Amino acid sequence: MIENKEKLKKFQIIKNLSALYETISSVSLKAGRPSNEVGLMAVTKFHSAEEVKIVLEQGHRLFGENRVQEAEQKYSLLKQDYPDARLHLIGPLQTNKVRQAISLFDVIETLDRARLARALHKEQQNMGRCPDLYIQVNTGEEPQKAGVHPGELDELLKLSRTELKLPVKGLMCIPPADDEPALHFGFLATLARRHKLKTLSMGMSADFEAAIKLGTSHVRIGTSIFGNR
Ligand SMILES: *Cc1c(COP(=O)(O)O)cnc(C)c1O
């Protein structure tokens, strides 16, 4: 009985994954973009290593996690078996976790303050490497949300990219829940163009079609692949 339940869940995840690949390519084509240009990031927070393995076995390689500790427990072994899997940090990063984060993640999407930029720089000097970084922008200027306010982006970029020479490659945002997401995606895309940043991380289960139309590089999806957390 339990075995059947596991099989059913596995079947459902595989079905969800392939349906999403199809939707993403058809939405891309409709938006005038190549069918394989937009990446699908499987967001695995609160889901088990066994569930992650199901999509790895399907050839999926792009993953997102919110917490350093949880990601380390889940991915340190998986990354040995699948060395080409790419893991992004998409949750807030505390300065005391920077060293761990640099060892584990291929991209940190949540650089959002000067103190963190300096901590990343310091560990980069110590460890001789730094993952690619995106700056998280709090496009809705919500007090409870992480991300640099748009008015302070120039200064943070100047510090991170120009002074500290950190590998800043893109921008990321999470729009306010009660706002039209397309406004925020369009705004983030404009900021990226202005600063000559090529990569955009925007769009989740509920709003990824708008993000694809507005130029995102990948969409971040958890629930529509793995079910409710
Ligand atoms: C959890 C999370 C997602 C995925 O959300 P779903 O609603 O499960 O698709 C995407 N981006 C970030 C930053 C998240 O924390």
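## Stop one: Leu120 and its contacts

Select Leu120: setting aside residues within four places in sequence, Leu120 is in contact with Val98, Ile102, Ile108, Leu111, Leu133 and Leu166, where contact means heavy atoms within 4.5 Å. Before you go on, note that this is a predicted model, in which local features need pLDDT of at least 70, side-chain atom pairs count only at pLDDT 80 or more, and totals for chains, interfaces and linings use all residues. Residues are numbered from 1 along each chain as its sequence is written, and side-chain values use heavy atoms, with hydrogens and water left out.

Leu120 sits in helix 5 (residues 114-127); helices are DSSP runs of H or I with at least four residues, strands are E runs of at least two, and both are numbered from the N terminus. Is Leu120 buried or exposed? Leu120 is buried, because its relative accessible area is 0%; buried means under 20%, exposed over 50%, and partly exposed in between (1.4 Å probe, protein chains only).

## Stop two: from strand 1 into helix 2

Now pick Thr44, in the loop between strand 1 (39-43) and helix 2 (49-57). Thr44 counts as buried because its relative accessibility is 0%. Leaving out residues up to four places away in sequence, Thr44 touches Val52, Phe63, Gly64, Glu65, Glu70, Lys74, Tyr75 and Phe226.

Phe46 lies in the loop between strand 1 and helix 2 as well, but Phe46 is exposed, with a relative accessible area of 57%. Check its backbone too: Phe46 is not a glycine, yet has a positive phi of about 65°.

Carry on into helix 2, where Glu51, Val52, Ile54, Val55 and Leu56 are buried. After helix 2 comes Gly59, with a positive phi near 95°.

## Stop three: Lys196

Jump to Lys196, in the loop between helix 7 (181-194) and strand 7 (199-201). Lys196 is not a glycine either, and has a positive phi of about 55°. Is Lys196 buried or exposed? Lys196 counts as exposed, because its relative accessibility is 72%.

## Last stop: a charged patch

Finish by selecting Glu141, Glu152, Asp154 and Glu155, which gather in a patch of negative charge on the surface. For such a patch, residues need over 30% relative accessible area and no salt bridge, and like charges are joined within 9 Å; a salt bridge is a side-chain nitrogen of Lys or Arg within 4 Å of a carboxyl oxygen of Asp or Glu. Zoom in on Glu141, in the loop between strand 5 (132-136) and helix 6 (153-163). Glu141 counts as partly exposed, at 47% relative accessibility.

Definitions and conventions:
Patch = residues over 30% accessible without salt bridge, like charges linked within 9 Å, V, L, I, M, F, W, Y side chains within 5 Å. Areas by Shrake-Rupley, 256 points an atom, 1.4 Å probe, with all protein chains shown as cover. Lys, Arg positive; Asp, Glu negative; His and termini not counted. Charge placed at Lys NZ, Arg CZ, Asp CG, Glu CD.
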